[in-house]
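Here are a few notes to read alongside the structure. Have it open while you go through them.

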Amino acid sequence: MTRSQPLPTDRPAIPADVEALDAAGVLRLALDALGPERLALSASFGPEDVVLLDLLAGLTERPRVVTLDTGRLPQETHDLIDRLRDHFGVEIEVLVPDPAAVEAMVRERGMNLFYRSSEDRLRCCEVRKVEPLRRALATLDGWVTGLRRDQAPTRARTPKVGLDLEHGLIWKIAPLADWTEAQVWAHIRERGLPYNALHDQGYPSIGCAPCTRAVAPGEDPRSGRWWWERPESRECGLHVDHARLAALAAGGPAATPESER
Ligand code: SF4
């Protein structure tokens, strides 16, 4: 590494030339810097997460993997979680939402509140996804995500390693930031890795069952997520704009706010 970017944290500095590393190099760097106990793959088990688990399993015997069971996932996602568990011989930490918060939310707004309004949809994502993730991240110094820059305009500036100002200045690591969808699938096929059965039924991007639908061939892969909302608002709060947050941390001007996943 040539030089380091100073950061307002006691965690190791992020090397300035991390963007030049390939995906396995980024993961190796993060494992060496943070240690396998304080670094976890945060997986929703899309194809990118399958690739990342494969790469991590090649670098450490006991990769940490956390996932959110929102209570509304498709059966096919649960099936995949168990297949990956068996394939790689790893434990998967399954986080669930606070039952009291879910009970209060559905009592006030109904089972399918997400179709009522954007506010209701974001509240559901907050209760079922964001809060459990926040709990998990509080135990970590870094989290690995499957974000790719070409997935959505809101992800175009995703760095391979950035500081997560939303979650205590831990590292947020996107080793596949510069991969294409074709590269991801080529890796899965070459390695014979398990993947979600819904991908073969027209679902390129899979989240909760009521908020995901199949798309036509050639359609934007993310258009099947929260399809009733405007494209720029189709985020759930798990990911925010690193470049904007880094600029804010440095006292610089805020870039255009990014919508959340
Ligand atoms: Fe709720 Fe839909 Fe968000 Fe899942 S994706 S947490 S069901 S709003």
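1. Is Trp228 buried, partly exposed or exposed? Trp228 is partly exposed, with a relative accessible area of 29%. On this scale, buried means under 20% relative accessible area, exposed means over 50%, and partly exposed is in between (1.4 Å probe, protein chains only).

2. A word on the source: this is a predicted model, where local features need pLDDT of at least 70 and side-chain atom pairs count only at pLDDT 80 or more, while totals for chains, interfaces and linings use all residues. Residues are numbered from 1 along each chain as its sequence is written, and side-chain values use heavy atoms, with hydrogens and water left out.

3. Now the rings. Rings of Phe, Tyr and Trp (its six-membered ring) pair if their centres lie within 6.5 Å; planes under 30 degrees apart are stacked, over 60 edge-to-face, and the rest tilted. That rule gives four aromatic pairs. In one of them, Tyr115 and Trp228 have ring centres 4.8 Å apart and planes at 75°, so they sit edge-to-face. This pair ties together parts that are 113 residues apart in sequence. Tyr115 is partly exposed at 40%.

4. Trp227 and Trp228 also meet edge-to-face, with centres 4.9 Å apart and planes at 90°. Ring pairs link Phe114, Tyr115, Trp227 and Trp228 into a cluster.

5. Look at Trp226 too: Arg121 lies over its face, 4.3 Å from the ring centre. Arg225 lies over the face of Trp226 as well, at 4.9 Å. (The rule: NZ of Lys or CZ of Arg within 6 Å of the ring centre and within 35 degrees of the ring normal.)

Definitions and conventions
Helix = DSSP H or I, 4+ residues; strand = E, 2+ residues; numbered from the N terminus.
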